[in-house]
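I opened my notebook beside the model. I wanted to write down what I looked up, entry by entry.

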Amino acid sequence: MVTVLFFAGLRERLGTSRETVPLAAPNTTVSMLVESLRNREGAWSEAFAPGKAWRVAVNQRMADLATPLNAGDEVAFFPPVTGG
Amino acid sequence: MPIVRVQEADFDIGRELDALTRGRTDVGALASFTGLVRAANEGSAVTSMTLEHYPGMTERALEDICREAHSRWQLIDTLVIHRVGPLRPGDRIVLVGVSSAHRGEAFAACEFIMDYLKTRAPFWKREETPAGSRWVEARESDEQAARGWE
């Protein structure tokens, strides 16, 4: 299982800030997790459609599609940041 | 040494910068940047904004950015204070302070820290305008500024 967090506009569109997701297989990656989220209904498939701008962090560090995932990881999806 | 704080409360610029140099005689330059809430953005009035962040990652990201600055330049201290929660036009949002022996390092590192903060620290602004509320869109010019340091 991994903990998946959503922030800002992405949290609002998806209507959730946190959930626990089982890992489909060992040796999985962010890419495979994104694929499973994209295959959900409605807002999910739209939010993770190809070409949509979002960022991902794994265990609170910026990550990308190739980043490996392990049981217990904290994965966060969010829009491009706008602080400062 | 990096000093990072994420807080709802306002900060006193003079007191925070003074603390970076008090009792020291090796600081020859102290550069700072302060970001404030503007009353207009993207052509419409902004009556207030709320800053959301990712507790835990935010502090870690800011510390990583400061450590990167220390690795690139000869610095004495780096300071980042970033506010979260509700803010109004004119309010201070962020303070960056950099102390070093000479001004060149301090100026450069201060700009670097802001450029990286803008693209790598997990903060999101939601603006209230007369037409309703909206999430602020990231700017390509900020991405370009950050890439300029690579």
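I began with a definition: helices (H or I, at least four residues) and strands (E, at least two) are DSSP runs, numbered from the N terminus. With that in hand, I found A:Arg38 in helix α2 (residues 30-38) of chain A.

I noted the ground rules next. This is a predicted model, where local features need pLDDT of at least 70, side-chain atom pairs count only at pLDDT 80 or more, and totals for chains, interfaces and linings use all residues. Residues are numbered from 1 along each chain as its sequence is written, chains are lettered from A and ligands numbered from 1 in the order in which they are written, and side-chain values use heavy atoms, with hydrogens and water left out.

**Entry: A:Arg38**

Buried means under 20% relative accessible area, exposed over 50%, and partly exposed in between (1.4 Å probe, protein chains only). A:Arg38 has 23% relative accessibility, so it counts as partly exposed. I then listed its contacts (heavy atoms within 4.5 Å). Beyond four places in sequence, A:Arg38 touches A:Trp44, A:Ser45, A:Phe48, A:Ala49 and A:Pro50. I looked at A:Ala49 again: eleven residues separate it from A:Arg38 in sequence, and the C-alpha atoms are 6.6 Å apart.

**Entry: B:Ser48**

I moved to chain B. B:Ser48 sits in strand β5 (residues 48-53). Is B:Ser48 buried or exposed? Its relative accessible area is 18%, so B:Ser48 is buried. Leaving out neighbours within four places in sequence, I found B:Ser48 in contact with B:Leu87, B:Arg88, B:Pro89, B:Arg126, B:Glu127 and B:Glu128.

**Entry: chain B as a whole**

I counted four helices and ten strands in chain B. Along the sequence they run β-α-β-β-β-β-α-β-β-β-α-β-β-α. I saw that buried residues are 45% of the 150 residues in chain B. I also looked at contacts in chain B between residues at least 6 apart in sequence: 76% of them join residues at least 24 apart. The C-alpha atoms of chain B fill a box of roughly 50 × 35 × 30 Å along the principal axes.

**Entry: chain B against chain A**

How many residues does each chain bring to the contact? I found 28 from chain B and 21 from chain A. Buried area is the accessible area (1.4 Å probe) that two parts lose on being put together, summed over both. For chain B and chain A I noted about 1900 Å², with 54% of it on carbon and sulfur atoms. B:Tyr54, B:Met57 and B:Trp124 supply 34% of the area that chain B buries against chain A, more than any other three residues.
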